[in-house]
Amino acid sequence: MSAWGYANPVRVTFGEDAASAIREKVAGRSYCLLTYDDHPYFDEMVEAIRRIVGAPAVVVRDVEPNPSFIGLRIACRSYGAASTAPEVIVAFGGGSVIDTAKVLAAAGADFGRVQAFLEGRAGPETLSATPIIAAPTTSGTGSEVTSWATVWDTEARKKYSLNRPNLYPEHAILDPKASLAAPRGLTMSTGLDALSHALESIWNVNANPVSANHAVFAATEILDALPKLLERLDDLALRGRVARASLFAGLAFSNTKTALAHSLSYYLTLHHGTAHGIACSFSLPAVMRSVIGRNAACDATLQRIFGDDLHAGADRLDAFLKALGVSTRAADYGVTQNDWLAAIDDALRGERGLNFIGSREAVLAAAA
């Protein structure tokens, strides 16, 4: 057997009221409250957290759906307006909020520090690491249990990953009630992102028995519970199942990172504006077909989810996505055949693509 290891330092609280749990975890420290702007639910939660936890040193609500250099400069300036230097950042929101929190934790008031690091002009010693308490309000990104943040340079059409071991959140607080405000489209997209995290951690050079167990649980739950939740968005039990599955998917890929489907997704998001959860999930059936028979451990893990006949399992995965209204053809997202072939080659050469256990030839054959 090959040697392997698994580690995740985040302390997780599941099912507890978010605001009360935040108060306990803040523990009297000065804090920055980071959340979304211009939404009645988040307005209410800002006031509830103020009331229950105490007044924050600063409230930052400059959060973009896909945090960019431009928006993060603004968020860092807002963070720098704190009356007292925050000792902890409370990130209440989806993956974009938690990713923004990691940038604030590393940059403080000066985004230039993070930009210089991402662009290779400065070392990690220039970055800070303010502790983070992450309370996700969507079920999909797993950012509450990972040490990296996705950052977009939209002007240069480049994607970066801010990845430092000291950026794991200190605590993750998962309250399924916090996701009840998420509409159907966001619930679906984030749920598919979690499914992608689970499957991508399986056909991965960094897969290990612990990550595999987390991934099997997560994928099995999402395949069963997500369609039901999309029909009953106010069902708290289903919200809890999908939130727990997203957490387990996060615990899986926190150790493996993602692979080819995510690497492909960055092209679609940057060049065609495709929502992240759709962009990283639509290619999953083709990617799965391309790895069948390539690695015994991968096949065995996938069989725990899809049954012994993995080709039939890939067909079921294709049907699952189509039933949710997600096309599995690149052309339906405005991508030409030549551009798609070039995107596959670029994705395979990318950092996440190098985690993929499959071959270019098998991917091209499966995507044909």
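## Close-up views of a predicted model

View 1. Leaving out residues up to four places away in sequence, Ala-172 touches Val-10, Arg-11, Val-12, Thr-13, Ala-134, Glu-144 and Val-145, where contact means heavy atoms within 4.5 Å. This is a predicted model, in which local features need pLDDT of at least 70 and side-chain atom pairs count only at pLDDT 80 or more, whereas totals for chains, interfaces and linings use all residues. Residues are numbered from 1 along each chain as its sequence is written, and side-chain values use heavy atoms, with hydrogens and water left out. Ala-172 has its place in strand E8; helices (H or I, at least four residues) and strands (E, at least two) are DSSP runs, numbered from the N terminus. With a relative accessible area of 0%, Ala-172 is buried, a term that means under 20% relative accessible area, with exposed meaning over 50% and partly exposed in between (1.4 Å probe, protein chains only). Ala-172 and Ala-314 are 142 residues apart in sequence, and their C-alpha atoms are 33 Å apart in space.

View 2. An open sheet of 6 strands, in the order E1-E8-E5-E4-E2-E3, shows parallel pairing, two strands being paired if DSSP finds at least two bridges between them. Strand E1 (11-14) and strand E3 (58-60) stand at the edges with a single partner strand each, so one side of each is left without a neighbour in the sheet. From one strand to the next, the twist averages 15°. E1 runs parallel to strand E8 (residues 171-174) and is joined to it by 4 bridges, and Thr-13 stands opposite Ile-173 in E8. Helix H1 (residues 18-26) packs on the sheet and touches E1, strand E2 (31-34), strand E4 (88-93), strand E5 (132-136) and E8, its direction making about 165° with that of E8; for such values, axes are lines fitted to C-alpha atoms, for helices over the stretch in contact, and angles run from 0 to 180 degrees between N-to-C directions.

**View 3. Thr-13 in strand E1.** Thr-13, which has its place in strand E1, is buried, with a relative accessible area of 14%. Not counting residues up to four places away in sequence, Thr-13 touches Lys-25, Ala-172, Ile-173 and Leu-174.

View 4. E4 and E5 run parallel and are joined by 5 bridges, with Ile-132 in E5 as the bridge partner of Ile-89. E5 also pairs with E8 in the parallel sense over 2 bridges, and here Ile-133 stands opposite His-171 in E8.

**View 5. Aromatic rings around Phe-42.** A search of the whole structure finds 11 aromatic pairs; rings of Phe, Tyr and Trp (its six-membered ring) pair if their centres lie within 6.5 Å, and planes under 30 degrees apart count as stacked, over 60 as edge-to-face and the rest as tilted. Tyr-36 and Phe-42 form an edge-to-face pair, at 5.1 Å centre to centre and with 75° between the planes. Tyr-41 and Phe-42 are likewise an edge-to-face pair, with 5.1 Å between centres and 75° between the planes. Phe-42 is buried, with a relative accessible area of 9%, and Tyr-41 is buried as well, at 17%. Ring pairs link Tyr-36, Tyr-41, Phe-42 and Phe-92 into a cluster.

**View 6. Packing of helices H3 and H5.** Two packed helices are described by the angle between their axes and the distance between the axes. The axes of helix H3 (residues 69-79) and helix H5 (residues 111-118) come within 9 Å and cross at roughly 145°. From H3, Phe-69, Leu-72, Arg-73 and Cys-76 meet Phe-111, Gln-115 and Leu-118 in H5. By class, this contact has 5 nonpolar, 1 polar and 1 charged residues, where Ala, Val, Leu, Ile, Met, Phe, Trp, Tyr, Cys and Pro count as nonpolar, Asp, Glu, Lys and Arg as charged, and the others, Gly among them, as polar.
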